[in-house]
Amino acid sequence: QPRQVVSSLVGHYTADELQNRQVVVYCNIKPGKMRGLESQAMVLAATKNKGEKDEICELLDPPAGCAEGTRPLVGELEVGSASDGVSVKYISKVWGQVQPSLNMNEKGEASFDGTPLMMKEGPVRAKSLTKVGIY
């Protein structure tokens with residue numbers, strides 16, 4: 001389903017660079033207000049030096065040909081399937097447990113606990129960052 005997403009990517013991307021671009025989002029979050037607008041998901045990005053002046057942020061890219069709304073697989077597990085039906089009241093706790101295990105591997109693939117996030121068309125990637133966290 002379509003979602004409104006408000007992000008803090010201003011210093012990293014222009015509106016034109018984001019327009020009609022496929023991205024990977026974390027949808028199972030409690031909607032929150034950002035800049036006076038409701039954000040219903042979180043765009044995921046590989047991030048080096050998070051929160052520092054020299055922060056580098058690269059959006060995660062689904063492989064070419066991937067249909068919108070497709071959930072990645074981690075091994076045999078569909079991402080997000082374990083949180084289906086979980087109240088959004090508790091979802092922030094789930095994200096807090098999951099996020100530390102989300103990283104870019106040495107091949108530039110997004111991974112969870114060392115296992116690549118895969119679509120049938122191939123792995124989820126970032127443009128160039130490796131061995132950094134995903135936020």
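Predicted model: local features only at pLDDT ≥ 70, side-chain atom pairs only at ≥ 80, totals over all residues.

Colleague: Why is T47 called buried?

Modeller: Buried means under 20% relative accessible area, and T47 comes in at 7%, so T47 counts as buried. T47 is part of strand β5, residues 45-48. Leaving out residues up to four places away in sequence, T47 touches E55, I56, C57, L129, V132, G133 and Y135.

Colleague: What lies 3.4 Å from a polar atom of the T47 side chain?

Modeller: That's the backbone oxygen of A45.

Colleague: What makes β5 a partner of other strands?

Modeller: Pairing takes at least two bridges between two strands. β5 has 4 bridges to β6 (residues 56-59), and that pair runs antiparallel. β5 also has 2 bridges to β13 (residues 133-134), again antiparallel. A46 shows both sides: A46 stands opposite E58 in β6 and opposite I134 in β13.

Colleague: Which strands does β11 pair with, by that rule?

Modeller: The cut-off is at least two bridges, and β11 meets it with β7 (residues 73-74), with 2 antiparallel bridges. There V74 stands opposite L117. β10 (residues 110-112) also pairs with β11 in the antiparallel sense over 2 bridges, and F112 has T115 as its bridge partner. Then β12 (residues 122-123) is joined to β11 by 2 bridges, antiparallel too, with M119 and G122 as bridge partners.

Colleague: How many residues sit between the strands in the hairpins?

Modeller: The hairpin of β10 and β11 has 2 residues between the strands, and D113 there takes a positive phi near 50°. The hairpin of β11 and β12 has 2 residues between its strands as well.

Colleague: What makes a group of residues a nonpolar core here?

Modeller: The members have to be buried residues from a nonpolar list, joined through side-chain atoms within 4.5 Å. The largest such core has 19 residues, and those with the most contacts inside it are L44, A46, L60, M104, A110, V124 and I134. The elements giving two or more residues to this core are β9 (102-104) and β11 (115-119). There's also a second, separate core of 6 residues, which includes L9, Y13, A45 and L59.

Colleague: What does I134 touch?

Modeller: Not counting residues up to four places away in sequence, I134 touches L44, A45, A46, L60, Q99, L102, N103, M104, A110 and S111.

Colleague: Why is R21 with D61 called a salt bridge?

Modeller: The rule wants an Arg or Lys side-chain nitrogen within 4 Å of an Asp or Glu carboxyl oxygen. For R21 and D61 the closest N and O atoms are 2.7 Å apart, and the pair forms a salt bridge. R21 lies in the loop between α1 (15-18) and β1 (25-26) and D61 in the loop between β6 and β7, so the pair ties together parts that are 40 residues apart in sequence.

Colleague: How many salt bridges does the rule give?

Modeller: The count comes to 3 salt bridges. One of them joins E78 and R71, with closest N and O atoms 3.3 Å apart. E78 is in strand β8, residues 77-78.

Colleague: How many disulfides does a search of the whole structure find?

Modeller: The search finds 0 disulfides; the label needs two cysteine sulfur atoms within 2.5 Å. C57, at 12%, counts as buried, and so does C66, at 6%.

Terms used
Residues numbered from 1 in each chain as written. Heavy atoms only, no water. Buried < 20%, exposed > 50% of the residue type's maximum accessible area, 1.4 Å probe, protein only. Contact = heavy atoms within 4.5 Å. Polar contact = N/O pair within 3.5 Å; in protein donor to acceptor, adjacent residues only side chain to side chain.
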